[in-house]
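Try each task before reading its solution.

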Amino acid sequence: MAPAATKPLLADLASSISYVPNSYIRPEADRPNLTEVQTLDASSIPLVDLQGLFGPNRNDIIRQINQACRQDGFFQIKNHGIPEEMVQAIMNIAREFFQLPESERLKNYSDDPSKSTGLSTSFNLKTEKVSNWRDFLRLHCYPLEEYMHEWPTNPPSFRKEVGEYCTRVRELVLKLLEAISESLGLEREYISRNLGRHGQHMAMNYYPPCPQPELTYGLPGHTDPNLITILLQDDVPGLQVLRDGKWVAVNPIPNTLIVNIGDQMQVISNDKYKSVLHRAVVNCNTERISIPTFYCPSPEALIQPAPGLIDHEQPAVYRSFTYEEYYHKFWNKGLRTECCLDMFKIPSA
């Protein structure tokens, strides 16, 4: 049986083994405990209908967003403006890509996390002690014209389909950022104006079936280092969020996207909004694909609590820093449950 080292990508290893190799096995205290996970029924997950965001219901929708960001750090959205056919097309393209022959996929392989485009495995092979049960294609996608020429050319429609999706997601994010600004009592353009030139990345995550899912993670518990994440997932459960100290499964609802607050939003909101701990678990029967879009400041942007959210009762919780400084710390630290944000807090007087 081929050892893991002979296969750079998990998908090509996983299809030939009936056990989880040692390099993927978590220490006992750090396993998913799948039997203890609760499943949220759909009604207990905040679901925001964006249909009336630019109509008479705007204030009510902004109030719902405020409540979800304060209490949960994530919410689902429907009537988000991205056509169902486009969502289906990008999910199909991702599936086609991961079904390509190994030799074709490996044309895109890179284990250098600083590269703006690359197919890799786990999270950061250079720093992690235990591997994660996932392959992923990493793409930078804003400005599109700077990055699209690096993207895969197979499947043949990859660049066209993914480019169109990225553009629509960015339009959605900019509308959400206005609403989130307003929900914090800030000017509508405040957040967008304080992100420098803006940045947008995307991952196509592929989680193969796993023979012993109780021993490993697709991704362990982490918060997102960026500003806001828009998650598209297929119909296979796998996403879990930490709610009131317990891991709960967030099972997919058709035609919705998941929005989760990232670390930079927690800083800008001066801790009013929380970056949520979440993780991906795997299963032994079915592959799973998820496509998160990570919207972020550009590297030189200076991030700090909004002055309008600082007063005597709530002084600034964080010092100012560039997004580049934050991202380097996050990437080198690896995915750990303790949040990178603590390194940027102002010590209490």
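**Exercise 1.** Is Tyr24 buried or exposed?

Solution. First, the ground rules: this is a predicted model in which local features need pLDDT of at least 70 and side-chain atom pairs count only at pLDDT 80 or more, while totals for chains, interfaces and linings use all residues. Residues are numbered from 1 along each chain as its sequence is written, and side-chain values use heavy atoms, with hydrogens and water left out.

Next, the cut-offs: buried means under 20% relative accessible area, exposed over 50%, and partly exposed in between, with a 1.4 Å probe and protein chains only. Tyr24 has a relative accessible area of 6%, so it is buried.

**Exercise 2.** Describe the aromatic pair formed by Tyr24 and Trp133.

Solution. Start with the rule: rings of Phe, Tyr and Trp (its six-membered ring) pair if their centres lie within 6.5 Å, and planes under 30 degrees apart count as stacked, over 60 as edge-to-face and the rest as tilted. This gives 9 aromatic pairs. In one of them, Tyr24 and Trp133 are 5.1 Å apart centre to centre with 70° between the planes, an edge-to-face arrangement.

Now place the two residues. Helices (H or I, at least four residues) and strands (E, at least two) are DSSP runs, numbered from the N terminus. Tyr24 belongs to the loop between helix 1 (10-14) and strand 1, and Trp133 to the loop between strand 4 and strand 5, so the pair ties together parts that are 109 residues apart in sequence. Trp133 is buried too, at 0% relative accessibility.

Finally, look for a cluster: Phe97, Phe98, Trp151, Phe158 and Tyr206 form one.

**Exercise 3.** How many residues of strand 4 are buried, and which strand does it pair with?

Solution. In strand 4 (residues 117-121), 5 of the 5 residues are buried, so the strand is largely enclosed by the rest of the structure. Check each face: Thr117, Leu119 and Thr121 are buried on one side, Gly118 and Ser120 on the other.

For the partner, note that two strands pair if DSSP finds at least two bridges between them. Strand 4 runs antiparallel to strand 5 (residues 135-142), with 5 bridges joining them; Ser120, for instance, has Phe136 as its bridge partner.

Then follow Phe136 to its side chain. A charge sits over a ring if NZ of Lys or CZ of Arg is within 6 Å of the ring centre and within 35 degrees of the ring normal. The charged end of Arg134 is over the ring of Phe136, 3.8 Å from its centre. Likewise, Arg170 has its charged end over the ring of Tyr142, at 3.9 Å from the centre.

**Exercise 4.** Where are the cis peptide bonds Tyr142-Pro143 and Asn154-Pro155?

Solution. The bond joining Tyr142 and Pro143 has an omega of about -10°, and Pro143 sits in the loop between strand 5 and helix 5 (144-147). For Asn154 and Pro155, omega is about 5°; Pro155 is in the loop between helix 5 and helix 6 (158-183).

**Exercise 5.** Asp244 and Asp271 both have positive phi. Which is buried and which is exposed?

Solution. Asp244, with phi near 55°, lies in the loop between strand 9 (239-243) and strand 10 (246-249). Its relative accessible area is 79%, so Asp244 is exposed. Asp271, with phi of about 75°, lies in the loop between helix 8 (263-268) and strand 12. At 16%, Asp271 is buried.
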